[in-house]
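This briefing is intended for a reader who has the coordinates at hand. Please consult the sequence and structure shown here before reading on.

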Amino acid sequence: MSGYTPKLFVISGPSGAGKGTLVARIRDRYPRLGLTVSATTREPREGEIDGKSYYFLTDEEFSRRVEAGEFVEWAHVHGHCYGTLVSEVTSKLDSGSSLVLEIDVQGAFQVKERFPDAVLVFIMPPSLAILKQRLSDRGTETDESLTLRMANAEREMALADRYDDVVVNDDLERATGELLGVIEKHERN
């Protein structure tokens, strides 16, 4: 494709903002975007598959890999560790395609340090009240985990101005189009 420069895109935002849904939609419309599989120490949710949804690791295995320098980024989030393996990133970027990492705010800043040309995109919920409703509607949160996720969301949203672009997910179709526009804009630069 003429004028195309492969880029590393980092998509983050609070839990419940719709990151996963938006990433899935842009990948359906833009299938050449690579996607890594993250590693986590949390237990699989119903329907999640090891090596496809996440690499589900024990705390000990995760720690060993951190010490070995096998992660581009990693963080302790919501009581569990999450990270992106260097091997996942390099294999996708070496193929010459742009890559999307869907990771938390802490990890986004780690990636930017290691890959200064990475494009950080923050997915913003329309409001904290709508975010809380989305999380409640999932049916996967206890009162305690909901409180923790809302506190984390407020802290994460305060950092949105450090991102290259912010997409408000108030309407799924509009937000998908805006996110695609951000990707296309950066690939042309």
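The structure is a predicted model, in which local features need pLDDT of at least 70 and side-chain atom pairs count only at pLDDT 80 or more, while totals for chains, interfaces and linings use all residues. Residues are numbered from 1 along each chain as its sequence is written, and side-chain values use heavy atoms, with hydrogens and water left out.

**Annotated site**

- An unreviewed UniProt entry places the feature "binding site" at G13, P14, S15, G16, A17, G18, K19 and G20; UniProt positions follow the numbering used here, feature names are shortened, and annotations may be inferred rather than shown by experiment.
- G13, P14, S15, G16, A17, G18, K19 and G20 from this set belong to the lining of the largest pocket. A pocket is an open set of points on a 1 Å grid over the protein atoms alone where a 1.4 Å probe fits, with protein on both sides within 12 Å along at least five of seven lines; lining residues have an atom within 4 Å of a point.

**G16 and K19**

- G16 lies in the loop between strand 1 (8–12) and helix 1 (19–29); helices (H or I, at least four residues) and strands (E, at least two) are DSSP runs numbered from the N terminus.
- G16 counts as buried because its relative accessibility is 11%, the cut-off being under 20% relative accessible area (1.4 Å probe, protein chains only).
- Beyond neighbours within four places in sequence, G16 is in contact (heavy atoms within 4.5 Å) with L131, R134, L135 and R138.
- K19 is part of helix 1 and is buried at a relative accessible area of 13%.
- A polar atom of the K19 side chain lies 3.0 Å from the backbone oxygen of G13.

**Strand 6 and its partners**

- Of the 6 residues in strand 6 (residues 80–85), 5 are buried.
- Strand 3 (residues 39–40) runs antiparallel to strand 6 and is joined to it by 2 bridges, with T40 partnered by Y82.
- Strand 5 (residues 71–77) is also antiparallel to strand 6, through 6 bridges, and F71 has L85 as its bridge partner.
- Strands 5 and 6 form a hairpin with 2 residues between them, and H78 in the turn has a positive phi of about 55°.

**E88**

- E88 sits in helix 3 (residues 86–93) and is buried at 10% relative accessibility.
- The E88 side chain reaches the backbone nitrogen of V37 at 2.8 Å.

How values were computed
Buried means under 20% relative accessible area, exposed over 50%, partly exposed in between (1.4 Å probe, protein chains only). A polar contact is a pair of N or O atoms within 3.5 Å; within protein, one must be able to donate a hydrogen and the other to accept it, and residues adjacent in sequence count only if both atoms are side-chain atoms. Two strands pair if DSSP finds at least two bridges between them.
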